[in-house]
Amino acid sequence: MTVTHALETDVLRRQDPELADVLLGERERQATTLQLIAAENFTSPAVLAALGSTLANKYAEGYPGARHHGGCEIADVAERLAVERAKDLFGAEHANVQAHSGSSAVLAAYAALLRPGDTVLALALPHGGHLTHGSPVNFSGRWFDFVGYGVDAESGFLDHDQVRALARAHRPKAIVCGSIAYPRHFDYAFFREVADEVGAYLIADAAHPIGLVAGGAAPSPVPYADIVCATTHKVLRGPRGGMILCGAELAGRVDRAVFPFTQGGAQMHTIAAKAVAFGEAATEAFAAYAHRVVANARALAAALAAEGLAVVTGGTDTHLITADPAPLGVDGRTARGRLAAAGMVLDCCALPHADARGLRLGTAAVTTQGMGEREMPVVAGLMAGVLRGRAEPARVREDVRELTAAFPPYPR
Ligand SMILES: Cc1ncc(COP(=O)(O)O)c(C=O)c1O
């Protein structure tokens, strides 16, 4: 029974009206504001159904056929389905679908390949690296010696010469390619070549683009990386969670790095929901969706640039746009607050080679709810009006309500 179904049948409302109101409030918020956070999406009712299923009750430490708990025969079927579907979808020899999150997947990848104190080369955090790529407040920065590569100050594109030079100088044990904010494709063949030259493992943290990869709208890291880490909840449109793909030779190390090294019992309801999402992502409809996500992001980036924002790298290859609102007279933090007041929800992010923060937004969710290239200039116009201070956020909030009403993410 999904939460929405439970609410519709009044089960939760009767038992716990306080919490039911919270869930209804969130459903209303998601439906009536613009979800422009690049890492979010609307899962299908089928994914929500699996998440709200009785598999949530099941303890299943271990892997199919080798569990520490009894009664896992049905849970095993769910996990095998998820694993097989992930392998088919991404052409991988091995898939681990137990990682609780993207961060857990990265932790497990490091645990499989590295020892504390090893040197790792990754995109520097101010240039778009994730916390798990060496932040001092994260396990990664505490346990490993991270060296950061960056993007070119002029173009905003990755500085490949710097990547090669740093790899030669520091001889890292692993190179990580992946970002929370870089809007362009990573050249996985290039990173493989550098990794081979210096004898490093290549870890692709494809948390963001993996859904585009599934839909054939972005290049796949699978043929190049030793380990691919991913989230299942961004463009991929699955439940909140992580996934790891690798070749057969690393399968045992990766599985042991997830359980028992970094995690306990698998979350079987989430794994079932991942299986549903992988099934959905293998369809032609999903491939068309993934391509529409990119087309919408390109249209939105162009419209934002036309409105005067400084779009990093001048555009995007993906679902993700990074932009500096400074030319409109606001910094990223102020911009995010004003936009939120107008019903447009997005993130701030670091801007490479700048002190001020910028904006990061994406088109995965608005595309799922059916918006297209026609709506993107409308969204950019609403944003620019608020950022320039020409339009009252409260009035724009009504325009946003009208726009979203035409594209309900879930049946009313
Ligand atoms: C590149 C990258 N790695 C790792 C993560 C971590 O994922 P999670 O929030 O599920 O831990 C993210 C999340 O946005 C990400 O973008």
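Two strands pair if DSSP finds at least two bridges between them. The views below come from a predicted model.

**View 1. Strand β9 sits between two partner strands, β8 and β10.**
Five bridges link β9 with β10, which spans residues 242-246. These two strands run antiparallel. Strand β8, residues 201-205, is joined to β9 by three bridges. Here the two strands run parallel. Isoleucine 203 faces isoleucine 227 of β9. Strands of a sheet pair through backbone hydrogen bonds, in either a parallel or an antiparallel sense.

**View 2. Both faces of strand β9 are covered.**
Strand β9 covers residues 227-231. How many of its five residues are buried? Five of the five are. One side carries Ile227, Cys229 and Thr231.

**View 3. Domain 1 meets domain 2.**
The domain assignment gives domain 1 as residues 54-281 and domain 2 as residues 284-405. Their C-alpha centres are 28 Å apart. In contact are 28 residues of domain 1 and 25 residues of domain 2. Together the domains bury about 2,100 Å². Carbon and sulfur atoms give 62% of that area. In domain 1, the residues that lose the most area to domain 2 are Pro183, Arg184 and Arg237. Together they make up 28% of what that side buries.

**View 4. A salt bridge and polar contacts span the domain interface.**
How many salt bridges does the rule find across the interface of domain 1 and domain 2? It finds one. The side chains of aspartate 317 and arginine 184 meet in a salt bridge, at 3.0 Å from N to O. Between the two domains, 14 residue pairs are in polar contact. On the domain 1 side that touches domain 2, helices α10 (210-214) and α12 (268-281) each supply at least two residues. The largest share of that side comes from α10, with three residues.

**View 5. Four strands form an open antiparallel sheet.**
The strand order is β11-β12-β15-β14. Which strands stand at the edges? They are β11 (310-311) and β14 (347-350). Each has a single partner strand, so one side of each is left without a neighbour in the sheet. Strand β12, residues 320-324, pairs with strand β15, residues 357-362. Four bridges join them in the antiparallel sense. Isoleucine 321 has leucine 361 of β15 as its bridge partner.

**View 6. Glutamate 79 pairs with arginine 67.**
The structure holds 17 salt bridges. In this one, the closest N and O atoms are 2.8 Å apart. Glutamate 79 lies in helix α5 (residues 73-90) and arginine 67 in strand β3 (residues 66-67), so the pair ties together parts twelve residues apart in sequence. Are the two partners buried or exposed? Buried means under 20% relative accessible area. Glutamate 79 has 2% relative accessibility, so this residue counts as buried. Arginine 67 has 15%, so this residue counts as buried too.

**View 7. Aspartate 118 pairs with lysine 173.**
Their side chains meet in a salt bridge, at 3.3 Å from N to O. Aspartate 118 lies in the loop between α6 (102-113) and β5 (119-123). Lysine 173 lies in the loop between α8 (160-170) and β7 (174-177). The pair therefore ties together parts that are 55 residues apart in sequence. Aspartate 118 is buried, with a relative accessible area of 17%. Lysine 173 is partly exposed, at 32%.

**View 8. Glutamate 197 and arginine 164 belong to a salt-bridge network.**
The side chains of glutamate 197 and arginine 164 meet at 3.2 Å, N to O. Glutamate 197 lies in helix α9 (residues 188-198) and arginine 164 in helix α8, so the pair ties together parts 33 residues apart in sequence. Glutamate 197 counts as partly exposed, at 35% relative accessibility. Which residues make up the network? Salt bridges with shared partners join Arg164, Arg168, Glu193 and Glu197. Side chains of opposite charge can pair when their charged atoms come close.

Terms used: Residues numbered from 1 in each chain as written. Predicted model: local features only at pLDDT ≥ 70, side-chain atom pairs only at ≥ 80, totals over all residues. Heavy atoms only, no water. Buried < 20%, exposed > 50% of the residue type's maximum accessible area, 1.4 Å probe, protein only. Domains from an automatic or database assignment. Contact = heavy atoms within 4.5 Å. Buried area = accessible area lost by both parts, 1.4 Å probe. Salt bridge = Lys/Arg side-chain N within 4 Å of Asp/Glu carboxyl O. Polar contact = N/O pair within 3.5 Å; in protein donor to acceptor, adjacent residues only side chain to side chain.
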